[in-house]
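Colleague: Could you take me through how to read a ligand site and the packing around it, starting with the site itself?

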Amino acid sequence: MSSHQILQFRSDPFVVSPCCLRICPKVSPKPSLPFQWRRSHHAGVRSSTKKKTQCNLKNETPATETAKRVYPFHEIEPKWQRYWEDNRTFRTPDDVDTSKPKFYVLDMFPYPSGAGLHVGHPLGYTATDILARLRRMQGYNVLHPMGWDAFGLPAEQYAIETGTHPKTTTLKNIDRFRLQLKSLGFSYDWDRELSTTEPDYYKWTQWIFLQLYKRGLAYQAEVPVNWCPALGTVLANEEVVDGVSERGGHPVIRKPMRQWMLKITAYADRLLEDLDELEWPESIKEMQRNWIGRSEGAELDFTVLDGEGQETDKGITVYTTRPDTLFGATYMVVAPEHHLLSYFVTPEQKQQVEEYKDFASRKSDLERTELQKEKTGVFTGCYAKNPANGDAIPIWVADYVLASYGTGAIMAVPAHDTRDNEFALKYNIPIKWVVRNEASSSDEVYPGVGIIENSSSVETGLDINQLSSKEAALKVIEWAERTGNGKKKVNYKLRDWLFARQRYWGEPIPILILDESGETIAVSESELPLTLPELNDFTPTGTGEPPLSKAVSWVNTVDPATGKPAKRETSTMPQWAGSCWYYLRFMDPKNPEALVDKEKEKYWSPVDVYVGGAEHAVLHLLYSRFWHKVLYDIGVVSTKEPFKCVINQGIILGEVQYTAWKDQEGNYVSADTEERLNEYQQVTIPEDKVMKSGDHFVLKEDASIRLIPRAYKMSKSRGNVVNPDDVVLEYGADSLRLYEMFMGPFRDSKTWNTSGIEGVHRFLARTWRLVIGSPQPDGSFKDGTVVTDDEPTLEQLRSLHKCIAKVTEEIESTRFNTGISGMMEFVNAAYKWNNQPRGIIEPFVLLLSPYAPHMAEELWSRLGHSSSLAYESFPKANPDYLKETTIVLPVQINGKTRGTIEVEEGCSDDEAFSLASQDKKLEKYLDGQSIKKRIYVPGKILNVILNKSNVKVTTK
Ligand code: ANZ
């Protein structure tokens, strides 16, 4: 999760990373091959000695394993991809029959990075693809589109370094991503593909901006940005590491600059309230609630005192959620940026305060509010009057108070606030306890609520002693409102959204600024899109002016209404913009007249299932919900919320790595014997040199040396990145899809394990052989199948319907991994049959198709069907075959009960007898005996009468 969640106070939105809906980690070490089938030999064969996995269904020996697991995925997969493409199989027509139910399933669209797809991408994409394929087969109209969140920094940085236009880089990367996605067999409607960088698309992003502007929801304000004097540029937050620029390590300061802001705070309450009706994971909703951070409290006024202790006409307003602690306020703190600071700082303290302000300007809000960081601050030399009791309390300046939250000033109550307590102890400020309960002690900070004490003043007439915190807070607010000392106040941690970047590769903001008056004017809607001017030089201007200011002829223009000279806004939109509303455009991607046609929107809204990384649980989802609500208010969309159900897939960590430690002599040191392991040299041990011993991992060569196993996030530097292209090349797309679904519960983090792919690959090969038959001596497979037209037996029908019920239920509940187990069980059972009836195999192929669509299509076609199975009816489980129908039948030998057997309810005399004679316990009575008579009462008893002379005498 992004570190932003641990912010105590919502810092300005600039500190959060820009949204490209990318899945982290996003790098892949190998320059990827152009994607298509580059090997014509048996790409599926890998002379592997890797150990078997859970899904090795049969104990095949390694020698036969290689030959057996091959199936011609390298022929099948491109063939079906071509078929789908040529036939536009997954196209959702514009004029769908709207009497049918709809299903809109969406992936968070990727940022097409130069590194290509990462194995994290197909995790979510396979899940949505399975859902899309299932719903199509269940008769829904399905919308399953894909596009590109393609504006952003990397292409621009690449342009600065190489001179390649970001557009060129972006198009190249998109082409590669598209090929890669197609090679995985995802059933996207490629006719609806869009990119946020296309003028036809960003025309509407700009249009939405204009609607916000016209409603006063887009405005300009002076806000602090990350300014790097040495590089002469404003930096995005992720380009600043520990206060210096990531490139070059130059100091970065916070500098106020005029910026475009979006008034998301105006929607704070609705963003909060409407969360309740969403089918989202509670954890995401809670993260959104915390981010919005609604708190109720009071604004209280403290009068500033002069050198003689007399009241001045200046006041400091604080925001507090604990008005009940007012009598415990023994000092005040203002943020270093507080607008009144320079008015009351005394001449003696001025220099110290200035130095402190400078010191604080180099820190991010995140650093400033980190709880564990030591608090720092400077006394202003000035005092204020506590309105409750008239006490003169010192005013400090400290950076743990943020200018951007509340009023930028606090009343500090060191007995009841942890940060204030730490600060007061450090600077020797009095501490006064005013809240008690049984959990509080007399000399420790107590942040909880309780009964109020030490809180009465004859002078001001305020007495809250003996009240509960809640009652006291109400009384203080009522008193403050009556006496003019303050008022009730609701606050939000959510800040308005900083909506401008000093960058080239983004949507131009459609605003003109009149030269004469500085007045801002909206570009007329009919002039949209306002296209990005061509530029050859992308380097920063050095002045903080955005690169677009270099496009002089574009910048200098006139206001068409008055003919007055004007300049175009040169900041561009942040990367979040394009991803805020793309789900709407997919409903009607080519409409030149409107952002989305009203009827189409009504039919397709809301997105039924939205899948993506947890890193977008807050900002992307919040920003799009905000825009959606604005669009709802102006009648563009018909629903209050854009996404009905959101699912975050887990992260895929790299393969487990084993670490050992060596001492100075190069001898191994066991991880459990030494305490100070970090003093030793770390070495990574290859998997084949490791073995498991009890719960631990040890060196094979010396089992006394314990190792530490750990899975790390995939990263270039660790060299543990898995490239999906390589997996597809070696095992096929169906195996990759199946493996990613089989790794574990969809929402959990999982570790990559190559032998796991081999396991699912073997399952697919077994399925193939089940239907097609064994390979011929040269390894090739016959055309056609081994399927017969026999009537299925009851047992076969039961296996099939159990599998149908399981797969359907598991997909519906997004438990994709256990759906696969259901199919594995079926294939296991089917291998024991001596025929494979069509009535069983055909439905099974349909069941398999959402997971392994290439193989399923091939089998379907070999089963004699001439078109794709994509719109065949998904099999339905017949409840008659799901009933538990076995019973326990007592077996008597010569009238004496000797044991029991488990039989199918309606089984025949012969079947019952055959089971009895195979039963371990009964075998000894029946073996080699001549049978006189069998008395079988179905469902009740089997009695076997033996010929007398043969009766064995058993003595007990
Ligand atoms: C006095 C007090 C006493 C407070 C006490 C807390 C506990 P939430 O709940 O997150 O809204 N505060 C207010 N503005 C601040 C700022 N700009 N920077 C840092 N801290 C600020 O937090 C509100 C509380 O955080 C406020 O209530 C204030 O401290 C502090 F026993 O006031 B309190």
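Colleague: What is the make-up of the shell around the ligand by class?

Modeller: Bearing in mind that this is a predicted model, the shell consists of nine nonpolar, five polar and four charged residues. Among the 18 residues around the ligand, those that come nearest are T320, L402, Y405, H416 and K493, while the strands β11 (311-320) and β15 (409-412) each contribute at least two residues to the shell.

Colleague: Which residues touch the most other members of the largest nonpolar core?

Modeller: In soluble globular proteins, nonpolar side chains tend to be buried together. Here the largest core has 180 residues, of which F209, W497, L595, F626, W627, W752 and Y851 touch the most other members; another core, lying apart from it, has 50 residues, including L340, C382, I395 and V397.

Colleague: Why is G390 classed as partly exposed?

Modeller: G390 is called partly exposed because its relative accessible area is 26%, which falls between the limits of 20% and 50%. G390 sits in the loop between β13 (377-385) and β14 (392-398), and, leaving aside residues up to four places away in sequence, touches K385 and E459.

Technical notes:
Residues numbered from 1 in each chain as written. Predicted model: local features only at pLDDT ≥ 70, side-chain atom pairs only at ≥ 80, totals over all residues. Heavy atoms only, no water. Near = heavy atom within 4 Å. Helix = DSSP H or I, 4+ residues; strand = E, 2+ residues; numbered from the N terminus. Nonpolar A, V, L, I, M, F, W, Y, C, P; charged D, E, K, R; others polar. Core = buried A, V, L, I, M, F, W, Y, C linked by side-chain atoms within 4.5 Å. Buried < 20%, exposed > 50% of the residue type's maximum accessible area, 1.4 Å probe, protein only. Contact = heavy atoms within 4.5 Å.
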